[in-house]
Amino acid sequence: MLIEGLMNRGNGALLEQVVNFASQRHKLILDNIANVDTPGYRQKDLSVERFGSMLRQRVDQRRRTGSANFDDMSSKVENPVRGILFHDRNNRSMEQLATDMARNAMMHNLAIELLRKQFQQMDMALREKVV
């Protein structure tokens with residue numbers, strides 16, 4: 001119970017949601033790349049803007065009330081309307097997919113690094129050891 005209280009006070013729950021979102025989005029981007037030449041395939045994605053908005057609302061709620069639940073956050077898969085619709089009814093763009101993958105990987109890596117630092121600080125506090 002003590003560890004759970006420590007994690008909920010910091011940004012652990014928030015960062016966990018960011019990691020989950022990034023991994024779900026990564027799978028969709030990989031599906032899009034795998035189906036880039038499939039006729040009629042429409043790209044799928046998760047809205048980064050919508051996810052960011054949900055996170056901001058939860059953080060604001062936590063600031064106002066002192067607690068917020070991050071566990072029930074879910075993102076809806078959507079078909080973005082971007083790029084050119086080709087004659088085979090596919091809206092592919094390898095450049096956009098590569099950019100999305102790179103940005104998503106950076107978001108994932110940042111969240112993992114911040115979580116690692118948070119766990120490292122808790123470990124130091126529990127061991128009563130300062131490095």
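Modeller: Gladly! Let us begin with a cut-off: a residue is buried under 20% relative accessible area, exposed over 50%, and partly exposed in between. Keep in mind that this is a predicted model.

Colleague: Why is Asn69 called partly exposed?

Modeller: Its relative accessibility is 43%. As for its place, Asn69 sits in the loop between helix H3 (48–65) and strand E2 (77–78).

Colleague: How much of the chain is buried?

Modeller: Of the 131 residues in the chain, 31% are buried. The accessible surface comes to about 9000 Å², and carbon and sulfur atoms account for 54% of that surface.

Colleague: What elements does the chain have, and in which pattern?

Modeller: The chain has four helices and two strands. Along the sequence they follow the pattern α-α-β-α-β-α.

Colleague: What do you look at when two helices pack?

Modeller: Two packed helices are described by the angle between their axes and the distance between those axes.

Colleague: Then what makes H2 roughly antiparallel to H4?

Modeller: The axes of H2 (residues 12–34) and H4 (residues 94–127) cross at roughly 155° and come within 9 Å. Angles over 145 degrees count as roughly antiparallel, so H2 is roughly antiparallel to H4. The residues in this contact of H2 with H4 comprise 16 nonpolar, six polar and three charged. The crossing of H2 past H4 is left-handed.

Colleague: Why are H2 and H3 described as roughly antiparallel?

Modeller: Here the axes cross at roughly 170° and come within 12 Å. The cut-off is again over 145 degrees, and H2 and H3 are therefore roughly antiparallel to each other. H2 passes H3 in a right-handed crossing. On the H2 side, the contact is made by Leu14, Gln17, Val18, Phe21 and Arg25, and on the H3 side by Val48, Phe51, Leu55 and Val59. Sorted by class, the contact of H2 with H3 has seven nonpolar residues, one polar and one charged.

Colleague: What share of the chain's contacts with a separation of 6 or more joins residues 24 or more positions apart?

Modeller: Such residues account for 71% of those contacts.

Definitions and conventions
Residues numbered from 1 in each chain as written. Predicted model: local features only at pLDDT ≥ 70, side-chain atom pairs only at ≥ 80, totals over all residues. Heavy atoms only, no water. Axes fitted to C-alpha atoms, helices over the stretch in contact; angles between N-to-C directions. Parallel < 35°, antiparallel > 145°, perpendicular 65-115°, else oblique. Left-handed = near helix turned anticlockwise from the far one by under 90°. Nonpolar A, V, L, I, M, F, W, Y, C, P; charged D, E, K, R; others polar. Buried < 20%, exposed > 50% of the residue type's maximum accessible area, 1.4 Å probe, protein only. Contact = heavy atoms within 4.5 Å. Areas by Shrake-Rupley, 256 points an atom, 1.4 Å probe, with all protein chains shown as cover.
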